[in-house]
Amino acid sequence: QVELVESGGGSVQAGGSLRLSCVASGYIFSGNCMGWFRQAPGKEREGVVAIDRGGSVRFADSVKDRFVVFKDYAKNILSLQMNSLKPEDTAIYYCAAGCGSTAGYGGSWDEGSYKYWGQGTQVTVSS
């Protein structure tokens, strides 16, 4: 049984930093699709980070140059270091993994291409 558990969310002032972690059990990150998505109140879920089977990372334009991904394949931990946070980064952040039938090589922003999801962790950035 695959389980993804996120942690590290919280409240921070604008300009601050947070580090989210996603720990996988029953699943191996290496060679598989991974991603981080977020959903702000009243908005649709959107992709933040997408990682393909080869480990290449794509960032959404809104977080590029501010967010960094760390991949610990030995421990099956995917971390998201979020710097220079803005109020518009406020959302529930979800870890996603598993190349679904439509994923191809991975690295997709299509949430339907991911098989497994964590429960989410809240990030709140105040101005």
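Biologist: Is Cys22 buried or exposed?
Modeller: Cys22 is buried in this predicted model. Its relative accessible area is 0%.

Biologist: Which residue does Cys22 form a disulfide with?
Modeller: Cys22 is bonded to Cys95, with the two sulfur atoms 2.1 Å apart. Cys95 counts as buried too, at 0% relative accessibility.

Biologist: What parts does that pair tie together?
Modeller: Cys22 belongs to strand 3 (residues 18–25) and Cys95 to strand 9 (residues 91–99), so the bond ties together parts 73 residues apart in sequence.

Biologist: Left-handed or right-handed?
Modeller: Left-handed, because the torsion about the S-S bond of Cys22 and Cys95 is about -75°.

Biologist: How many disulfides does the count come to?
Modeller: The count is 2 disulfides. Cys33 and Cys99 are also joined, S to S 1.9 Å. The link of Cys33 and Cys99 is right-handed, with 105° about the S-S bond.

Biologist: Where do Cys33 and Cys99 sit?
Modeller: Cys33 is in the loop between strand 3 and strand 4, while Cys99 is in strand 9. They are 66 residues apart, and the pair links distant parts of the chain. Cys33 is buried at 2% relative accessibility, and Cys99 is buried at 13%.

Biologist: What pattern do the disulfides follow?
Modeller: The pattern is 1-3, 2-4, counting bonded cysteines along the chain.

Biologist: Changing topic to rings. How many aromatic pairs are there?
Modeller: There are 5 aromatic pairs. One of them is Phe37 with Tyr114, an edge-to-face pair at 5.4 Å centre to centre and 80° between the planes. Phe37 lies in strand 4 (residues 34–39) and Tyr114 in strand 10 (residues 114–117), so to speak of distant parts of the chain, they are 77 residues apart.

Biologist: Are Phe37 and Tyr114 buried or exposed?
Modeller: Both Phe37 and Tyr114 are buried. For Tyr114 the relative accessible area is 6%, which is under the 20% cut-off and therefore counts as buried.

Biologist: What about Tyr114 and Trp117?
Modeller: The ring centres of Tyr114 and Trp117 are 6.2 Å apart and the planes stand at 70°, so that pair is edge-to-face. Trp117 is partly exposed, with 26% relative accessibility.

Biologist: Which residues do ring pairs link into a cluster?
Modeller: Tyr27, Phe29 and Tyr116 are linked that way.

Biologist: And which charged end sits over the ring of Trp117?
Modeller: That of Arg45, 4.0 Å from the ring centre of Trp117. Arg45 also lies over the face of Tyr94, at 4.7 Å from the centre of that ring.

Conventions. Residues numbered from 1 in each chain as written. Predicted model: local features only at pLDDT ≥ 70, side-chain atom pairs only at ≥ 80, totals over all residues. Heavy atoms only, no water. Phe/Tyr/Trp six-rings, centres within 6.5 Å; stacked < 30°, edge-to-face > 60°. Helix = DSSP H or I, 4+ residues; strand = E, 2+ residues; numbered from the N terminus. Buried < 20%, exposed > 50% of the residue type's maximum accessible area, 1.4 Å probe, protein only. Lys NZ or Arg CZ within 6 Å of the ring centre and 35° of its normal. Disulfide = S-S within 2.5 Å.
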